[in-house]
Amino acid sequence: MKKWAVWLCSLLLLLPLTACGNDADQKEKTLTKVRLAEVTRSIFYAPQYVALAKGFFEEEGLDVELTTTWGGDKTMTTLLSGGADIALVGSETSIYVYAQGTNDPVINFAQLTQTDGTFLVSRKKIDNFTWEMLKGSTFLGQRKGGMPQMVGEFVLKQHGIDPHQDLKLIQNVDFANIANAFASGTGDFVQLFEPTASIFEQEGKGYIIASFGTESGRVPYTTYMAKQSYMNKNKDIIEKFTRAIYKAQQWVESHSTAEIAKVIQPYFEDTELDIIETVVDRYKSQGSYATDPILDEEEWNNLQNIMDEAGELPKRIDLDTLVDSSFAKKAMND
């Protein structure tokens, strides 16, 4: 009788655990997998990592598998070839694809960042910087055809500087090697993303003197996009994905830089927490993080103006052709 009682007690103790295990398994089975390709790993995309870390995707029934594809061309190739369902990349790539002629265009459906994310870094400390100081200098810019380079040239021209006549422009250094090239002595000025710009400043290798994001105005710098065919077949997934991103955008907007930095730190293990916080504060204070996922017509036109100024716009494309804001609007109204 005692053995029976012991066995029964043991069974009763195990039952809740087994039930919990089954519930967990069932929950995992009900989550829909979404393969997301990001163009690079950057604090610039803080709301995305908040959505992952805070479980906003899971709340929507999505299991988001994140892959960093390192570069606009590679990211778009991954998306077009079926290696990803959704891509986070600059909107200019969707224009390039459409201009080449395609039966399955890539559609922008949710905006994550709304300014350029690069900063002008000087090798020497400058107390009273003016853009005129770039004339006659060596400027280490970004890769030709990419948004950082196009925005960089656009801003220079806005300040009366011809980037191809008034300074020595270097554009033949790979994105991954630009920071190292500057650290090794190439260039008087360099256009850098964070956290590299802040790390250089902390180490005395350079000094942040201007923001290209502030100078260029609002633009759909990085957006979520998917092939039209995928969106047609998976409207519920796009809707849930957009709703999770909007939750994260609102969370970032309503929380302190210290709280945001702490939440996203696991995605930047090689970066000190104080640097992450500095970068988040810089991006947040200049309005780089979109507070909602809508890509509006003014931003779309500004993007094409910048591309046109750089000589990289194949042709003008109407907003409605490559942008579907219906999911963003629904997410905001839910």
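In this predicted model, five strands form an open sheet. Their order is β7-β6-β8-β5-β9, and the pairing is mixed. Strands β7 (168-170) and β9 (207-211) lie at the edges, each pairing on one side only. From one strand to the next, the twist averages 30°.

The pairing of β9 was examined next. Its partner β5 spans residues 118-122, and the two strands run in the antiparallel sense. Four bridges join β5 and β9. Leu120 stands opposite Ala210 of β9. Helix α8, residues 196-203, packs on the sheet. The helix touches β5, β8 (189-193) and β9. The direction of α8 makes about 125° with that of β8.

A further contact involves two helices. Two packed helices are described by the angle between their axes and by the distance between those axes. Helix α2 covers residues 46-53, and helix α11 covers residues 235-254. Their axes come within 8 Å and cross at roughly 110°. Angles of 65 to 115 degrees count as roughly perpendicular, so α2 is roughly perpendicular to α11. On the α2 side, the contact is made by Pro47, Val50 and Ala51. Helix α11 contributes Ala244, Ile245, Ala248, Gln249, Trp251 and Val252. Eight residues of this contact between α2 and α11 are nonpolar and one is polar. None is charged.

Definitions and conventions
Residues are numbered from 1 along each chain as its sequence is written. This is a predicted model: local features need pLDDT of at least 70, side-chain atom pairs count only at pLDDT 80 or more; totals for chains, interfaces and linings use all residues. Side-chain values use heavy atoms; hydrogens and water are left out. Axes are lines fitted to C-alpha atoms, for helices over the stretch in contact, and angles run from 0 to 180 degrees between N-to-C directions. Angles under 35 degrees count as roughly parallel, over 145 as roughly antiparallel, 65 to 115 as roughly perpendicular and the rest as oblique. Contact means heavy atoms within 4.5 Å. Ala, Val, Leu, Ile, Met, Phe, Trp, Tyr, Cys and Pro count as nonpolar, Asp, Glu, Lys and Arg as charged, and the others, Gly among them, as polar. Two strands pair if DSSP finds at least two bridges between them.
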